[in-house]
Every structure is written in C-alpha cells, then in structure tokens.
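Have the model open beside you as you read, and take the points in any order you like.

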Amino acid sequence: MFIYTKHAIEKIDTLGIEKRDVENAIRKGMKWKESNSEKWHAQMAGIEVVFMKQERNIFIITAYFAGRSK
C-alpha cells in the first residue's frame, strides 16, 4: 500500500506529477538506498521519489523532477 505524507502530496500537486507516475517509479524504476538511513530513492521517466518501506507499506516522503533541487 502506498501512503503519501502531507509534504509529498503538496509537492506532487505543485509540480503536476501524477500519483501513478510516482508509484510506477517505485515499482519499475531504478532504486537505491541511502547510506546509514532507511530512505530509498527511485527514479524513472524524469521523476525521483524518496520513500521508506515498513512491512507491506511504502511511505512516500517526497517526489520531484530528477536533476532539480529538492
């Protein structure tokens, strides 16, 4: 289950990013884990997503266009 933080919802709404694109980046995109952190990144089709996994849930922290400032 995908759970969006308030920040993530505000960010994707502001940037015009669709939830399906965020979720597809996590499902199908290139993924990597931050060192010394539980945060993961996924990137696909110009969108980068920061998220955390907890059991069956994926908490979306933020999303932005790859290569731009967060």
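1. A word on charges before anything else: Lys and Arg count as positive and Asp and Glu as negative, while His and the chain ends are not counted. Each charge is placed at NZ of Lys, CZ of Arg, CG of Asp or CD of Glu. On that basis the protein chain carries 13 positive and 9 negative charges, and their mean positions are 3 Å apart.

2. Please keep in mind that this is a predicted model, in which local features need pLDDT of at least 70 and side-chain atom pairs count only at pLDDT 80 or more, whereas totals for chains, interfaces and linings use all residues. Residues are numbered from 1 along each chain as its sequence is written, and side-chain values use heavy atoms, with hydrogens and water left out.

3. On to the fold. Two helices and five strands make up the secondary structure of the protein chain, in the order β-α-α-β-β-β-β along the sequence. Both kinds of element are DSSP runs numbered from the N terminus (helices: H or I, at least four residues; strands: E, at least two).

4. How does the overall size look? The radius of gyration is 11 Å, which agrees with the value near 11 Å for a compact globule of 70 residues; this radius is taken over C-alpha atoms, and the globule rule is 2.2 Å times the number of residues to the power 0.38. The C-alpha trace spans about 30 × 20 × 20 Å along its principal axes.

5. Of the 70 residues, 33% are buried (buried is under 20% relative accessible area, exposed over 50%, partly exposed in between, with a 1.4 Å probe and protein chains only). The accessible surface is about 4700 Å², with 49% of it belonging to carbon and sulfur atoms; areas come from the Shrake-Rupley method with a 1.4 Å probe, and for residues only the protein chains shown count as cover.

6. Taking contacts (heavy atoms within 4.5 Å) between residues at least 6 apart in sequence, 34% join residues at least 24 apart.

7. Strand 2 (residues 30-33) and strand 3 (residues 39-44) run antiparallel and are joined by four bridges; a pairing requires at least two DSSP bridges. Met30 stands opposite Gln43 of strand 3. Five residues lie between the strands, and Asn36 has a positive phi near 55° in this hairpin.

8. Which residues other than glycine have a positive phi? Asn36 is one of them, with phi near 55°, and Ala45 is another, with phi near 55°. Asn36 sits in the loop between strand 2 and strand 3 and is exposed at 85% relative accessibility. Ala45 belongs to the loop between strand 3 and strand 4 (47-54), and Ala45 is exposed too, with a relative accessible area of 75%.

9. Lys33, in strand 2, is partly exposed at 38% relative accessibility. Setting aside neighbours within four places in sequence, Lys33 contacts Glu38, Lys39 and Trp40. Val50 is 17 residues from Lys33 along the chain, and their C-alpha atoms are separated by 9.5 Å.

10. What does Phe59 touch, not counting residues up to four places away in sequence? The partners are Ile3, Val50, Phe51, Met52 and Gln54. Phe59 lies in strand 5 (residues 57-65) and is partly exposed at 26% relative accessibility. From Ser37, Phe59 is 22 residues away in sequence and 14 Å away in space, C-alpha to C-alpha.
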